[in-house]
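Biologist: I am new to this structure. Please show it to me, and then I will ask how its descriptions are reached.

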Amino acid sequence: MGILDFIRSQCIDVIEWTDSTNNTLVHKYDMNGKEIMNGAQLTVRESQVAIFVSEGQLADVFGPGRYELKTANLPLLTKIKSWKYGFNSPFKSDVYFINTRQFLDCKWGTQNPVMMRDSEFGMIRLRAFGSYAFRVSDPEALLKECFGTAKTYTVEDIQNQIKRTAVSSLSDAIAESKIPALDIAANYEELAEYAKAAINPKIANLGVELTAFVIENVSLPEEVEKAMDRRTSMGVVGDLQQYTQFQAAEALRESASNPGSAAGSAMGLGAGVSMGQMMAGALNFNNNQASQTQPAAAAPAAAAGYCANCGQALSAGAKFCPNCGQRQGGGATCPACGNPVSADAKFCPNCGQKL
């Protein structure tokens with residue numbers, strides 16, 4: 001091997017990167033101790049950006065395309081190196097490939113319940129979860145603020161920061177919207193758009209942006225959900241008295257279909273007692289209604305006179321007393337007090353009744 005062949009073997013003539021993962025944000029090209037050949041070919045694919053860094057200083061940035069590395073294509077690197085006549089020999093520089101495609105289906109959720117004041121339930125705690133998508137919007141800011149000189153930088157390395165910012169912004173959005181807890185589900189899309197607009201300015205300094213933000217669910221505490229279920233059940237039942245009667249009738253039917261079991265006997269006995277009480281109540285109700293609607297019985301007719309011998313009341317036209325057999329008509333009596341009076345008396349001498 002000649003000296004020229006040895007020099008060529010220590011130089012890189014093609015620089016490119018194909019991503020074989022689904023979560024790599026930044027990949028540092030492995031020089032393997034070699035230097036870049038003057039006139040080397042740089043290939044940057046769609047959804048990629050290549051950044052040259054020399055001695056820790058960010059130099060040139062290349063978008064998608066194919067480039068021949070010469071002085072004209074590396075103005076910042078040439079200025080940093082102060083090559084008077086351009087670089088005619090191999091040069092050393094770090095090359096970083098930035099993945100600018102969208103990273104989808106990243107999950108977020110509230111680790112702890114979010115406290116808020118609701119107009120219907122008062123103070124409540126809410127939990128929420130969903131997903132989001134993001135991409136690199138400023139490769140230079142990502143290099144300076146996040147990964148630095150790391151060989152690789154993945155979605156997991158920045159995901160926690162985005163999730164915390166998302167949860168904080170969503171909590172503010174829910175609190176400021178003053179939407180009742182029962183109506184939040186009908187406003188997922190509006191809340192998501194509001195949260196997305198609030199999150200992007202907070203993560204812009206990291207060189208990334210959200211392209212989508214989705215709220216999948218906002219849930220209430222378990223005890224509140226149980227109370228809501230009971231309230232819903234009461235609304236479904238409607239008339240509680242009719243529902244109780246229906247349940248008692250169903251219990252009687254069940255016990256009748258299985259009379260031999262102890263459970264059926266006990267249930268039938270309880271249901272029978274309940275049904276008996278309801279029937280008694282219904283009969284009392286019907287009797288009361290009948291007593292209010294039927295006219296009162298006619299009062300017995302007033303006595304026409306009284307026996308002068310024993311004082312027994314006499315019917316009109318009676319000639320003998322039904323009690324003592326005394327013949328009547330021999331003398332008159334007062335119809336009011338039964339005291340004997342003379343035939344020509346106009347008033348009773350005992351009670352003053354007009355005769």
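Modeller: One definition first: contact means heavy atoms within 4.5 Å. This is a predicted model, in which local features need pLDDT of at least 70, side-chain atom pairs count only at pLDDT 80 or more, and totals for chains, interfaces and linings use all residues. Residues are numbered from 1 along each chain as its sequence is written, and side-chain values use heavy atoms, with hydrogens and water left out.

Biologist: Which residues does Ser54 touch?

Modeller: Leaving aside residues up to four places away in sequence, Ser54 touches Leu77, Ile80, Lys81 and Ser93. Ser54 lies in strand β4 (residues 48-54); strands (E, at least two residues) and helices (H or I, at least four) are DSSP runs numbered from the N terminus.

Biologist: Why does Ser54 count as buried?

Modeller: Buried means under 20% relative accessible area, exposed over 50%, and partly exposed in between, with a 1.4 Å probe and protein chains only. Ser54 has 1% relative accessibility, so Ser54 counts as buried.

Biologist: Why is Gln57 called partly exposed?

Modeller: The relative accessibility of Gln57 is 45%, so Gln57 counts as partly exposed. Gln57 belongs to strand β5 (residues 57-62). Gln57 touches Phe52 and Ile80, not counting residues up to four places away in sequence.

Biologist: Why are α4 and α5 called oblique to each other?

Modeller: The axes of helix α4 (residues 155-177) and helix α5 (residues 188-203) come within 9 Å and cross at roughly 135 degrees. Axes are lines fitted to C-alpha atoms, for helices over the stretch in contact, and angles run from 0 to 180 degrees between N-to-C directions. Under 35 degrees counts as roughly parallel, over 145 as roughly antiparallel, 65 to 115 as roughly perpendicular and the rest as oblique. The pair α4 and α5 is therefore oblique.

Biologist: Which residues of α4 and α5 make the contact?

Modeller: Among them are Thr165, Ala166 and Leu170 of α4, and Leu191, Tyr194 and Ala195 of α5.

Biologist: What makes Leu25 and Ile215 stand out in the largest nonpolar core?

Modeller: A nonpolar core is a set of buried Ala, Val, Leu, Ile, Met, Phe, Trp, Tyr and Cys residues joined through side-chain atoms within 4.5 Å. This core has 47 residues, and Leu25 and Ile215 are among those that touch the most other members. Helix α4 gives the most to this core, with 8 residues.
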